Structures are given as structure tokens and as C-alpha cells.
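Me: I have some questions about how the labels for this model were reached. Please take them one at a time.

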Amino acid sequence: MDVLIQSLSEALTPFVILLMALGVLIGLIFGTVPGLTATMGMALFVPFTFGLDPVPGIAFLICLHLGGVSGGLVASTLLGIPGTPSSIATTFDAYPMSKNGEPLRALGIGVIASLIGGALSFVALVTISPVISRFAVQMGPFEFFALIFFALSLVAVLAKGSMLKGITAGFLGLAAGIVGFAPIDGLQRYTLGILELKGGIELLPLIMGLFAISQILIEILGDSKSQDIDFKAKGFAISLVEIVKNGWNLVRSSIIGIAFGILPGLGSGTSNLVAYAQAKQASKTSERFGKGAPEGIYASESANSASVGGSLIPMLSLGIPGDTVTAILLGGFMVHGLQPGPLFFTSNPHIVNVVFIAFFVAMIFVVFFQFFGMRLFTRVLTVPKQYLFPVIFVLTIVGAYTTNSSIFDIWVMVLFGVIGFFLVRNGFPIAPMILGFILGPLLETYLRRALMTTGNPTDFFTNPISALFILAGIACVIFTLRSEIKDKRKQSTNNTLNL
Amino acid sequence: MRKQGKMAAVGMGVLILAACSTSEGKQASESDIAAYPNKTIEIYVPASPGGQTDTAARVMAKHLPKYLEANIVIVNQATAGGALAFENVRASDKDGYKLLFHHQALHTAHAVRQLEHSTDELTAIGTYSSVNQVFVVSANSPFDTLGDLVAFAEDNPNEVTYGSQIGGTTHFMGELLGIESGTEIKILDVGSESDRMTGLLGGQIDLAVTGVGNVLNYVESGDFKAIGVLADERDELAPELETTVEQGYDVQFPVVHTLYGPGDMPEEIVEKWNEATEKLAEDEAYNEELEKTFQQHTLMNSEETTIFSQEEMKKAQRIADELFSDIQ
């Protein structure tokens, strides 16, 4: 208790609070601006904290982290461009809702969902993190393979409504993920002798191409009609009843978010898609997904915020970062002479408390800034497109370049912009493609690692956790296909009746 | 529809144009050399921000300008196993404004044919910080020393599993242990440092290697046992840990961060770096900051570094030959 009071007194001085507000604000900017990500913000500002004491430095970085992931909401909702990879799924329903004239409602849902997801992961972080992380390290390559297999089977769910096109998009994503050095043996695949392709296609240029560039192309060609926007909504523009109705969705999505945050290599970039697919599968009105269904926004935004808390769990209790942002954060800790590791909890309890406090304060600041910013942000929609798009275009170029300081990535982005344009034009969903791209290489890596361990494929089924996830994945595909066929039959009988 | 086709064609065309270029940079002129450094120096780091290599480079870049008046920026290019950063520096002008900062992963990557070119084609400028690596086993492992582990591995070939990143330095460290002790240790790909720690904590592997700073934490927490520092002398920051050499196995593999420039860089520029680095090695603030991350400065001038780099390249090649002969 004394430690807590000491941490509180250190972390809640005016200077530190100001820094935390600044951290959240910088994070929100990095998250909001398409092309800039929380990872980049972290990489840029870690050196800035070298000059600070550990407490303000770390509080600042934690706030920047949460701000960065939360900020993705705004661009996703208003522009249909995910500000960061962690808000890809947010675009699917928040953008249509915004186009239907309800941008404030979409943002309100996002802010509340973020808060709930963050709060649930905060509770997990503070109460049971040593237990969960001890459990998480038991996951070997077999379990990882099975989990990713299951997540990948959700391509079917995301494709629901236009199964053939959706699965095609999923395979396109897998194909893009194959480019570059193969996992483990480093064999070159589809590199065409181009040096830059050895490292494969980067996630950020791919996303910026598929969403931002294709979006700009579509708008230039004048496909979208502008709608009257309702700027008058009060508060968060949503009712308590609606939140309660989405209670289970929020809890499930937050659990997915926390779990994916803990597991290395996954994180908020994947959790939002998986939570979204799960919400779509569980929904009775899944045909409304992609057209402005509030459930989709609740799922995506609560999952990505929950992943932030989730990724801090193994970092604090075991010294193992859950994702790329926390990996950079770890580097930041080391410069302050704090070696994160299994001793971190016991040897630096007051820094651990600072992390908790900063996380909590960050959640409040995020809601605060977004609540007051909501009405301001939505004014972006009134900016004429001929001014808005050039700015976005430049920003995405900066973002694509920064990943590797490589011009090549900008061309990759442009290429995927053109590909995305044709896909969207012809009714192919983008979500399965992203999921295939992110998960395909991970699936292959863990498959090969697992086979390397024992060389026995039956182990995938004799290992209980692995067997469970593989069966769940197969069941998910069969179930989705069946209901899709049923829907199609119903549709065709309806059509004949109408005739 | 015509509009779309045109756009696609332009996009493709530019992509193809951007793809080709492999040449060497031009020599620096006399006046360039005399004025060096009068521009921002870019140091390419083939690693992600926040990691050990990146931290080492950033600490150096922060303190070195006291002795070499220049603005130094770090460019992180972790993609393609470092091939992009390597090529950018190799093909750059030889005027000393584009340099490469990395460790022996450059040698191992070339030995397993992931990197086309070898460091022998670069100018080795000097070495900076180094980190000792330590073999670790889980606290409930039956092995207390490297000898225990080797004795078990002699009787049970391919039973001891070692977690590494295939093709990287950790893979070579495990392979070297196998060669020097004459045992068959099963080398698995587990992934990055954090994945290896997870694997050892979760009991999926028997043996792993990690930096000395990391080890102390896990040893103190009662999770790991350290069974051998991969060096001939004990680590100053952890003198209680036994080395592999004193246990009778010549497995030395401290990770040494080394600065390279493009091939045939002017001697005068290299000399300016060496002089500045010599002063840096004495700098208290620099050493203090390194120590926080459990690194120590290792001072070698260009000549020494060249020999060191060539030796390391040969060592990596020797291990890789053994590796490939195992496969065939």
C-alpha cells in the first residue's frame, strides 16, 4: 500500500499529468493520421524520454501507446482509412455508418467501446497478469498453429454474403504473404530478383494501398454520393440500452483482445479482425455487417484497446513483449536502467504501479480528448475532397516510406492501391485479404516449427488445446458454408415467389 | 474504364523502374575528405527500433558527436534480414555519410546465403559496444553445468533441444557448441529473443542463449540457470558466471557491434572515426549509458576490426559448412 501511495504521489504531479496528456495527444495524432502508427510514434518518442526521469518517461510512453491505438478510430470512421492496423475492422462498419449521416454516433460507439475494452484489460492486467502469462508461455508451436488456423478459418465468416469473392480475396492475401524469404530456411520466394522484395511485403504499405489509395481513386472517379450529416447529436450519440445490449459482444471482443495482446506476434492488428468476425458470426443480423452495423464497431474498438492491456501483461510479468509497440517500449525501459523481466513485479513494484496508473489515466484522457474532439473531427467531412485527398495522399506516402526508409514501399502501396480499387469496384471484400496476409505467414512459421519439434503431424490432434482449435476452425467453416447455402436457397425461393 | 487501365499501367511501369539498380558509389574527392564531416551522417541499422542493436547504435550516435562534429541519424531498415541496409551502404558513395552498424548476423546471414555480399567487401571502421551471450537452462533442468548437458547429449544424441533463430547468430552459437563438444544437439527454430525466453519458461526447449543482462534477471527470479558465458574471460558485469572456455569448451561468441562503410573508403575518413571513437571509449556518460543496457565498449581500430571481421566471417563459414554437411 505504501508503494502505491509513493507511486501515486510520483505519478500524479502536475508535470507528469501534463506529460501524460501530451503522450495521449501525440498518440492520438499518430493513430489518427493515416500512415502514421502507434509503433512509429513510440519509436520516435522513446529517445525523447531519455532525458526524463523513469517515472515521467514511462508514464508518457504508456499514454502514447494507448492513445496511438485508440486514435485509429477517427480516420477509420470519417475517411474509411484505418489510421493504424489496429483499427482495420473499424472501417467496415464505422465508415458506412458515417456515410449514412451518423458520424457522431459511429465515433461515440468507438470511444465507449475503447473505454470498456481498455478497462477490462486494465482489470486483467492489475489482478491476474502473473497467472495468465505463466499460462501463456505454455503455448507451444502446436497450439499456436491451431489458434492461427482457427483465426484464419474466420475468413469464411468475413466472406459471408459473397463467399466466392471473399475466399478469393483471402487467398490473394495469402499469396501476398508468401513473397520474400521463407520462414526458417530463408528460401527466396517470388522476389523476382528484387532486393527489396526479399523482406516480403510490409503490412503498412499494403493496408495504406488497399484502403487509402483505393479510396482516393474511387472518390476521384466520383462513385460516392455525399450525405447530409447529422452534427446535432448529443453526448456520445448513443444510448445506455444499446451498450447493455452489446454487453456480451463487448466482453467477448475484449477477451479476444486481451488474449491476442498477450500472445507474441499477434496483437491489436489481428485482434480487431478476429473480434469483428466473431461478432458477425454471433449476430442474428449478420447481413447488416459492412453496412453500418453498430455491433461491428463495438467489437473492433473494444478488442484493439483490450490488446494494449493484454500486451503489457507478459511484458510486466515476464519481460516478454506482446507486440511491436511493447517491444519498443521495453527498449525505452532499458535505457532508464529498468531491465524488464520476471523480477520486474517484485523488484520494481513502484514502476509497475506507475504503468498501471498511467494506463488508467490514459484511458480517461482518451475519452476526454475524443469526446471534445468528436465534433471538431467530424468537420473534416465538410472539407472539400480536392483539398483533403492530396493531404491524405502525402501522409500515406510518408507512412509507407517510414516503415523501412525505403522508396520501394511507396510503390508497393501504389500497386496495392490499384489492386484494392479493382477489388472494391468488383465487390470483393478486403477484410479476408488482410486476415490472410497477416495470418498466412504466421501459420506457415508455426506449422514448420511444430513439425521441426517432433516431426509427427498427428501431434496436432493428440495435443488437446491444438485439437480443440483445429476442430473449432473446421466447424466454423462448415457451419458458415451451411448457413450461406441456406440463405442463398431462401433467397432464390423468395425470388421465384416474387415472380 | 480506360482511366483505370492507364493508372494501373503507370503504377506498374514505375514499380519496375524503381526495382533495378546495383552499382558502386563514386570515390570521395580531396576536398570532400578534408571537409569531412560537413553533412548529416546516416547510420543504417538492420534492426527494429528498441532492440539491443538499435539501442547500441543510438547511444553511440548520441555521444560520438562530442568528438566528431557531425549530426548523426539512425536509419532502421530491418527488412530482408538486413540485405536492404547492407546494399544501401555497400553501393553508396565512398564519402563516409552512409555507414552500417550491426553485428555478426552479417556474417551468419552471408554464410547461409541470405546476404549476397560479405562484409569483406566493406570497409571495417571500428567496433563499439559488445554483449556477452550466455547459455541458459530452466531452473528445474537436471543440468547444472555445461559439462552435465554435454555428458547427457553424448549418450542421447538429438535429445537436448536448443531454441534459436535459424540462420541467425543464435543458431550458429548452438551449432558451435555441437561442434566443439562433439555432440548432436537438436536445433529448433523458436524465433526472436522473446520467443526463446517464452519457450524456455514454458518448457518447450531445454537450452537457449541470451544476453548477459537478461540472464541475471531470470537467474535471480529463480526461473533459469546460467551454464556458460560464450567467452574466454568472465563478464565484468556478471563475474560470478562461469564461461564456456573455462569449462573446457571453446565456444566463444560475444556479439560485437561493428561499424562498416562502403568498400575502399578513404583512409583519412576512417582515421577521423577511429580518433573520435578512441576518445568516446573514455567518455564516462557514454559508458554509463551502455552499462545500463548491459553492454560494454570494445575498442578496436580499423585494422583490428578488419582482421576481427574476417576471422568472424571465416568462423561463420566453418560452422555453416558443418551445418550444410549435416543436411546432405
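Me: Why does Ser164(B) count as buried?

Reply: This is a predicted model. In it, Ser164(B) has 0% relative accessibility. Buried means under 20%. The value falls under that cut-off, so Ser164(B) counts as buried.

Me: Where in chain B is Ser164(B) found?

Reply: Ser164(B) is in strand β6, which covers residues 161–164.

Me: Which residues is Ser164(B) in contact with, leaving aside neighbours within four places in sequence?

Reply: Thr170(B) and His171(B) are among them. Contact here means heavy atoms within 4.5 Å.

Me: What makes the radius of gyration of chain B agree with a compact globule?

Reply: Chain B has 328 residues. For that number, a compact globule would have a radius of gyration near 20 Å. Chain B has 22 Å, which agrees. Its C-alpha atoms fill a box of roughly 60 × 60 × 35 Å along the principal axes.

Me: How many helices and strands does chain B have, and what share of its residues is buried?

Reply: Chain B has 12 helices and 11 strands. Buried residues make up 59% of the 328.

Me: What share of the contacts in chain B between residues at least 6 apart joins residues at least 24 apart in sequence?

Reply: The share is 78%.

Me: What are the numbers of positive and negative side chains in chain B?

Reply: There are 22 positive and 53 negative side chains. The centres of the two sets lie 13 Å apart.

Note on methods:
Residues numbered from 1 in each chain as written. Chains lettered and ligands numbered in written order. Predicted model: local features only at pLDDT ≥ 70, side-chain atom pairs only at ≥ 80, totals over all residues. Heavy atoms only, no water. Helix = DSSP H or I, 4+ residues; strand = E, 2+ residues; numbered from the N terminus. Buried < 20%, exposed > 50% of the residue type's maximum accessible area, 1.4 Å probe, protein only. Rg over C-alpha atoms; globule rule 2.2 N^0.38 Å. Lys, Arg positive; Asp, Glu negative; His and termini not counted. Charge placed at Lys NZ, Arg CZ, Asp CG, Glu CD.
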